[in-house]
Amino acid sequence: MAREAVGFIEVYGYSPAILAADTALKTADVDLTAIETTRGKAGSPGLVVLVKLRGSVDAVKAAVEAGAEKAANYTEVIASNVIARPDSSLASVVDYSNVK
């Protein structure tokens, strides 16, 4: 199976991010590339955490959807996105070295 997409789930809180990642990984054949904390805007309700996934386009779409849905039961999902066949110039921003 070709590795051709990256996906992101951004939520408030570390625990919901772990839950989103676990759900995503159990839903489809994807790899977890990182869980990163980021700076939220002033007055945000908590720590902003970004889950990064990679895999085939269909698998990443399914994983991101399931992970975001699960996290939404516990916190606000700020954003969830899938980039199919990311441009090579994004390599310095997103680690997808194994994406083909």
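How many helices and how many strands are there in the protein chain? The protein chain contains two helices and four strands, where helices (H or I, at least four residues) and strands (E, at least two) are DSSP runs numbered from the N terminus, and along the sequence these elements follow the pattern β-α-β-β-α-β. The model is predicted, so that local features need pLDDT of at least 70 and side-chain atom pairs count only at pLDDT 80 or more, whereas totals for chains, interfaces and linings use all residues. Residues are numbered from 1 along each chain as its sequence is written, and side-chain values use heavy atoms, with hydrogens and water left out.

Of the 100 residues of the protein chain, 40% count as buried (under 20% relative accessible area, with exposed meaning over 50% and partly exposed in between; 1.4 Å probe, protein chains only). Among contacts (heavy atoms within 4.5 Å) between residues at least 6 apart in sequence, 73% join residues at least 24 apart.

Lys26 lies in helix α1 (residues 14-27) and is exposed, with a relative accessible area of 65%. The side chain of Lys26 makes a polar contact with the side chain of Asp22 at 3.0 Å, a polar contact being a pair of N or O atoms within 3.5 Å of which, within protein, one must be able to donate a hydrogen and the other to accept it, while residues adjacent in sequence count only if both atoms are side-chain atoms. The C-alpha atoms of Lys26 and Gly67, which are 41 residues apart along the chain, are separated by 9.3 Å.

Arg85, in the segment after β4 (77-84), has a positive phi near 45° and counts as exposed at 59% relative accessibility.
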